Amino acid sequence: VQVVESGGGLVQPGGSLRLSCAASGFPIWNYAMRWYRQAPGKEREWVGQMSSDGEIINYADSVNGRFTIVRDSTKNMAYLQMTSLKPEDTAVYYCAAYRPASGWATPLVFGQGTQVTVSS
């Protein structure tokens, strides 16, 4: 059981990136998903989440309107689509999966992260 993030990189302010979260060992369509990020010297920050049925999606105020969480059950993948990127979005981004019956307390699995750097 694991999730692996990819798609990070260097992007200019105002640019876009799409991060991928590849799940294996469990069916992503049946699990809730969260994205987090951690900037250097800062606490890990919740970015957004999608309920297991995909019906409820919430975002942190800092990214609301710019980031979108998407799930592709056919590929067993989740994505974080990021637009209008700002230097303050620079961080390592992580995805995590949660059992629907367990709530948000403890993830089933947490990824290793992918670095996003927003700089000119």
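**Close-up views of a predicted model**

**View 1. Cys21 and Cys95 are joined by a disulfide, with their sulfur atoms 2.0 Å apart.** This is a predicted model, where local features need pLDDT of at least 70, side-chain atom pairs count only at pLDDT 80 or more, and totals for chains, interfaces and linings use all residues. Residues are numbered from 1 along each chain as its sequence is written, and side-chain values use heavy atoms, leaving out hydrogens and water. A disulfide here is a pair of cysteine sulfur atoms within 2.5 Å, and a search of the whole structure turns up one. Cys21 sits in strand β3 (residues 17–24) and Cys95 in strand β9 (residues 91–98), so the bond ties together parts that are 74 residues apart in sequence. Strands are DSSP runs (E, at least two residues), numbered from the N terminus. The S-S torsion is about 75 degrees, so this disulfide is right-handed. Cys21 and Cys95 are both buried, where buried means under 20% relative accessible area, exposed over 50%, and partly exposed in between (1.4 Å probe, protein chains only).

**View 2. Salt bridges link Arg37, Glu45, Arg66 and Asp89.** A salt bridge puts a side-chain nitrogen of Lys or Arg within 4 Å of a carboxyl oxygen of Asp or Glu, and the count comes to three. Start with Glu45 and Arg37, whose closest N and O atoms are 2.7 Å apart. Glu45 is partly exposed because its relative accessibility is 31%, while Arg37, at 6%, counts as buried. Arg37 also meets Asp89 (2.9 Å, N to O). Asp89 lies in the loop between β8 (77–82) and β9 and Arg37 in strand β4, so this pair ties together parts that are 52 residues apart in sequence. Asp89 pairs with Arg66 too, at 2.8 Å between the closest N and O atoms. Through shared partners, the four residues end up in one network.

**View 3. Tyr31 sits in the loop between β3 and β4 (32–38).** Is Tyr31 buried or exposed? Tyr31 counts as buried, because its relative accessibility is 15%. Leaving aside residues up to four places away in sequence, Tyr31 touches several others, including Phe26, Arg71, Tyr98 and Leu108; contact means heavy atoms within 4.5 Å.

**View 4. Thirteen residues line the largest pocket.** Of these 13 residues, Arg37, Ala39, Lys42, Glu45 and Glu88 lie nearest the centre of the pocket. A pocket is an open set of points on a 1 Å grid over the protein atoms alone, where a 1.4 Å probe fits, with protein on both sides within 12 Å along at least five of seven lines; lining residues have an atom within 4 Å of a point.

Technical notes
Helix = DSSP H or I, 4+ residues; strand = E, 2+ residues; numbered from the N terminus.
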